[in-house]
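The following exercises concern the structure shown below.

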Amino acid sequence: MKKLTANLASTLILAALGAAALPAGAETVVIVNKANPATRMFSEQASQFFLGKSNMFTPVDQAEGSAIRNDFYTKVADKDAAQVKALWSKLVFTGKATPPKEYKSNADVKKAVAEDPKAIGYIDKSAVDDTVKVILTLP
């Protein structure tokens, strides 16, 4: 129990530090493959894919503990890092879903989405180029 409490505490501290490290005015965008027919999406819809409630798209996640990941889940699902981790632990344990593959940078997420027509990911708006299509911009 002490180990679990310590892990939870360190996850919360990392989440707080990560959120504090997000550049002021940074915008996060949700991206899909250029061949994907989707043209726009609401935050509530995006959260469905990243929280294992729909398998219409294949979610591609940023690294655990990263500022952009913490900011993304707060904005689209109103959940912090510990809540998202707990949700995925339950889905994996019950065999209902597989968590999104994690990538360490905006460039890696963008590349993964560009290579998979079913992929959906999120990156900093400044990293967008013509290899992917933006379907949602988060403030």
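**Exercise 1.** Is Lys111 buried or exposed? Determine also how Lys111 relates to Glu115.

Solution. The model is a predicted one, in which local features need pLDDT of at least 70, side-chain atom pairs count only at pLDDT 80 or more, and totals for chains, interfaces and linings use all residues. Residues are numbered from 1 along each chain as its sequence is written, and side-chain values use heavy atoms, with hydrogens and water left out.

Step 1. Buried denotes under 20% relative accessible area, exposed over 50%, and partly exposed the range in between, with a 1.4 Å probe and protein chains only. Lys111 has a relative accessibility of 52% and therefore counts as exposed.

Step 2. Glu115, at 57%, is exposed.

Step 3. A salt bridge requires a side-chain nitrogen of Lys or Arg within 4 Å of a carboxyl oxygen of Asp or Glu. Glu115 and Lys111 form such a bridge, their closest N and O atoms being 4.0 Å apart.

Step 4. Helices (H or I, at least four residues) and strands (E, at least two) are DSSP runs, numbered from the N terminus. The two residues are four residues apart in helix H5 (residues 106-115), and are therefore separated by about one helical turn.

**Exercise 2.** Which residue forms a salt bridge with Glu64, and which parts does the pair tie together?

Solution. Step 1. The partner of Glu64 is Lys85, with 3.1 Å between the closest N and O atoms.

Step 1. Because Glu64 belongs to the loop between S2 and H3 while Lys85 belongs to helix H4, the pair ties together parts that are 21 residues apart in sequence.

Step 2. Glu64 is partly exposed at 45%, and Lys85 is partly exposed at 42%.

Step 3. The structure holds seven salt bridges. Another of them joins Lys75 to Asp71, with the closest N and O atoms 3.1 Å apart. Lys75 is partly exposed at 31%, whereas Asp71 is buried at 14%.

**Exercise 3.** Describe the strand pairing around S1 and S4.

Solution. Step 1. Two strands pair if DSSP finds at least two bridges between them. S1 (residues 28-33) and S4 (residues 119-124) are antiparallel and share five bridges.

Step 1. Val32 has Ile120 as its bridge partner in S4, and Thr28 stands opposite Asp124 in S4.

Step 2. S1 also runs antiparallel to S5 (residues 132-138), with six bridges between them. On this side, Thr28 stands opposite Leu138.

Step 3. S2 (residues 58-62) pairs with S4 in the parallel sense over two bridges, and Thr58 stands opposite Ala119.

Step 4. All six residues of S1 are buried. In S4, too, six of the six residues are buried, so S4 is largely enclosed by the rest of the structure.

**Exercise 4.** Characterise helices H3 and H4, including what follows each of them.

Solution. Step 1. Nine of the 11 residues of H3 (residues 67-77) are buried, so this helix is largely enclosed by the rest of the structure. Among the buried residues of H3 are Arg69, Asn70 and Phe72.

Step 1. Just after H3, Asp78 adopts a positive phi of about 55 degrees.

Step 2. H4 (residues 81-93) has 13 residues and spans 18 Å from its first C-alpha to its last. This is close to the expected 18 Å, where the expected span is 1.5 Å times one less than the number of residues.

Step 3. The buried residues in H4 include Ala82 and Trp88.

Step 4. Just after H4, Gly95 has a positive phi of about 75 degrees.

**Exercise 5.** How many residues does the largest nonpolar core have, and which element gives the largest share?

Solution. Step 1. A nonpolar core is a set of buried Ala, Val, Leu, Ile, Met, Phe, Trp, Tyr and Cys residues joined through side-chain atoms within 4.5 Å. The largest has 23 residues, and Phe50, Phe72 and Ile120 are among those with the most contacts inside it.

Step 1. S1, H2 (43-50), H3, H4, S4 and S5 each give two or more residues to this core. The largest share, five residues, comes from H3.

Step 2. Apart from this core lies another, of 10 residues, including Ile31 and Val60.
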